[in-house]
Structure formats: C-alpha cells, structure tokens
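Let's take a look at a pair of protein chains together. Have the sequence and the 3D view open while you read.

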Amino acid sequence: MTTVRLGLPVLYLRSRALPATLAALAAIAVLAAWAADRLQDRPEFDHTARVPVLALAPLLAAAAIGTGLLSHTEELDRTAVRRWWPRRLTYLLVLTALTAGALALAVPGHPEQFGAPAMVRNVVGATGVTAAAAALLGARASWLPMTVYGGAVYLAAPRTPGGAAAYWAWPMQPGPEVAAWVMAGTAYVAGAALLALRGPRPDRDHGSGRPS
Amino acid sequence: MSAKVTGLTVRHRRNTALDAVDLDFAPGVHGLLGPNGAGKTSLIRVLATVSPPDAGQVELLGTEVGRGADHRERASVRRRLGYLPQVFGYYPGFTVREFVGYVAWLKEMDGAQVAAAVERAVDRVGLGERIDAKVKTLSGGMVRRVGIAQAIVNEPALLLLDEPTAGLDPEQRVEFRALLREVGRTSTVIVSTHLVEDVAAACSDVTLIEAGRIAYRGTTAELIELGDAADELGGNPIERGYTAALRAHRTAVGA
C-alpha cells in the first residue's frame, strides 16, 4: 500500500520508461568517455580526433530521450486534471541538463575545439530536433530525423569550420562557433515548445476512420 | 442534469460524426446504441473531455466544458469523471495496482486515500487476487476489467464506458451489469455498446444514434414494447425494437 501512496509521481516517471532512459544515458556517457579517451591517446591522433564522439554520442542520447517520451495511455492521459505542458517541459529540461552534463564530462579539455562546450551544444540541438520529431511524428520514430541529419552532416561537412557550414553543419563545429550555437539553441526552443504544447503525437489517429 | 449537450457537432475531416445533437442525461444507467460508425465513440469522447466539439455546448455536472471553456472548470469536472475508452494502453511494466494508481494520480485524488481506493476499485471488478499481477500477464477479459477499475477508482459522478463488455465472458458480463446498476444508483453512467442485451439488462433508457443523429430515445421498456409490435422481424424483443426504431428513423429521414 505504501508503494502506491508514496509513489504516484514515481508511477508517472516509470510510465515514461525513465529508469530505462537513465540507464541508456549512463551507458552512452561511459561509452563516449571511453571512446574519446581511446581516440586522442592514439599516437597518430590528437584531441581533434574526438569529433566522431561529439557527433555520435548526442545522437544516441537524444534517441534514448525521444523514444522514452512514448505514452502508452494517451487516451487516458487526455483526461488528466492537471495541464500536461509544465510536466512535459520539466521532464525534457531535466533530462537534457543531465545528459549535457554527463556527456560534457566525457570530453575533458580543449573547450576551444571539440570539447565540453561543443558537446553541450550538440546535446541541446539533437534533443531539440528529436523533441520536435516526437511532437510531429510520434515518440517511436523521433530518433530518425536527427540520426539522418546528423549522419549526413558528419559525412558532408567541410573540414574547415565557420562560413555557411557553421549554420547547416552545426554539429560539426568547434565550441566557440556562435552560429552553430544559434542553430542548436533555436532547434531546442522550437522542439521543446512543440513537445510541451502538443505532446508526443499518438500512434493512432483517434479522430477519424475508427468505428464509433 | 449530469450531462447535457446542445447543438453538438463533431467532424472528422470531411465527415460529420455528430450533426447538431441535443441530448441530456440524468443519474441512472443510459445505453447508447447504434450501428458501427454512427457517432457513439465521438459522443463519448466529447463527454469525456478528450476531444473538443467543433460546435455546440457541452455541460457536464453543471459546468460548461466545451471548446474555449476555462481549464480550471474543466479540471474540476475531470476529477469527478470516469472514462473507459474502447482502446486503452498500459505501460508494460505496470501491475494492476500500479496502473489503477496511475489513473488515480491523473485524477489528482487525495494521496492518503489512493491506496484504499485502488484496492476497492480492483475488488469491485473481481480482480482483488490479481492486484499485484502485471497487466500484460492477464487475459483480454481481465484487462477489460482493469479498464473498468481505473474508470471507477475515483467514484465518478459521471461514468463513460465505450464498449465495456467487449471480451468479457457471459458470467463476467452478468457481474459487470450488476456493477453498472450499482454505480447507476448514485451516478450517471453512459454505456456505448452494440450489444442490445447489455442495454436490456442494465440500462433504464436508450439513446439510438444513426449517422450522427438521434434516431430514437426512450426507456428500455418502451424499446422492448416497440419490438413486441414488430413480431415479423425475428430475434428477441429488444433486438426487434432496435431494428424497428432504426428503420422508422431511416424512413423519416428519407422522406
């Protein structure tokens, strides 16, 4: 009996698969730290070799957050007494902050290049795009757009930072590049707002074509 | 009146699911009958405050909750509302106790009363012994009963059930109807179903919907009487009454 009495917010967090999401995020952070360390320790590389980690780890983390947004009880959730947007927004902000912090620790040093600031920016941007995708496509498919975009940018971005690429290839820029921060920040604000206001798009369209 | 809609119109893209419907429901058990696609689910979903109407007023428990209504007022109604959707999901890791507790949390029930309310609701649907079983390990009929338990956990003043007996075996249906009559003594219960026997056994009156319009309203006894008069249709009296009322409506609309 006490578990239910004490655990009501816990039930909400569990219903959104928070334990699994946190475990995935922790595993991604450890893997990123290990990979970054290995890459820059190789004699033929230096710290700039951490770019793949900066590009890939935020994609994985955003995917873990995005797919965890799925509500299994969408129709019942609509009858909630309290408004959803503050809960959704808090949930996303807290997870983003945790992820950004954990992944920033995975790439110590060299903030002027591909270090903690660039990692934080990429987490913010990737989570923003994924949150927008969850609102527009549904939580299950929310990882897809950022993975496609991040993968394409990783392959196509020019080696020299700045210029127009600072906008379209923001995940591949060094930490201090302002344009890349603007892009990532805009993606986050838009994505978080869409998700908070609309919620993840339900799997089924309840509105049409169903038997009444 | 516990629930009253005026000029209620619901559209799904180009289709009109409900066409300027006027209805009211007092405490008791009300059956909502009609062919598939008639608009029953659309009506239940508007009454559950799950989807806003395209036009018209929706007054529940004395409060207007339709499009543009104040959130605080809608929230006060939602606390006193129970809803069993036709399809409802559950988090795969949840036990019966946790799932019903989650809905109690959605309804912002007093934390000190939740544990006892959850146990009482689960007991009332006859699943007391399975309360700590995972929902995913239960049979279809049991999951349906879990759905009924979550709908009554807050002892709702207005209970909306969409096809509640789908998947229940005959014994469970008999027990469920008894539960409906019990809840209906104090609350307003609206049951959407395509099983006329549910209506005959549990509902005091019937609303028949066809193509987004009200085809018939009356007591269950009146519908059965109508069936008695239409002997040539075959089937039992309430089925005949249902068919006769529907055909009379179609003739009137066609004319």
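Predicted model: local features only at pLDDT ≥ 70, side-chain atom pairs only at ≥ 80, totals over all residues.

For the complex, the predictor reports an ipTM of 0.91 and a pTM of 0.89.

Chain B has a mean pLDDT of 92, with 100% of its residues at 70 or more. Within chain B, confidence is highest in strand 6 (residues 81–84), at a mean of 97, and lowest in helix 7 (residues 196–202), at 88.

## Chain A: helices and zero strands

Count the elements of chain A and you get ten helices and zero strands. Reading from the N terminus, that's simply α-α-α-α-α-α-α-α-α-α.

What about its size? The C-alpha atoms of chain A fill a box of roughly 65 × 40 × 25 Å along the principal axes. A compact globule of 212 residues would have a radius of gyration near 17 Å, so the 19 Å of chain A agrees with that.

Of the 212 residues in chain A, 46% are buried. Take the contacts in chain A between residues at least 6 apart in sequence: 73% of them join residues at least 24 apart.

## Where the chains meet

Here, 40 residues of chain B are in contact with 25 residues of chain A. On the chain B side, helix 1 (40–47), helix 2 (71–78), strand 6, helix 3 (96–106) and helix 4 (111–124) each supply at least two residues. Which of chain B's elements gives the most to this side? Helix 3 of chain B does, with seven residues.

Sorted by class, the side of chain B that touches chain A has 19 nonpolar, 13 polar and eight charged residues.

Technical notes:
Residues numbered from 1 in each chain as written. Chains lettered and ligands numbered in written order. pLDDT = per-residue confidence, 0-100. Helix = DSSP H or I, 4+ residues; strand = E, 2+ residues; numbered from the N terminus. Contact = placed C-beta atoms within 7 Å. Nonpolar A, V, L, I, M, F, W, Y, C, P; charged D, E, K, R; others polar. Rg over C-alpha atoms; globule rule 2.2 N^0.38 Å. Buried ≥ 20, exposed ≤ 12 C-beta atoms within 10 Å, placed from the backbone.
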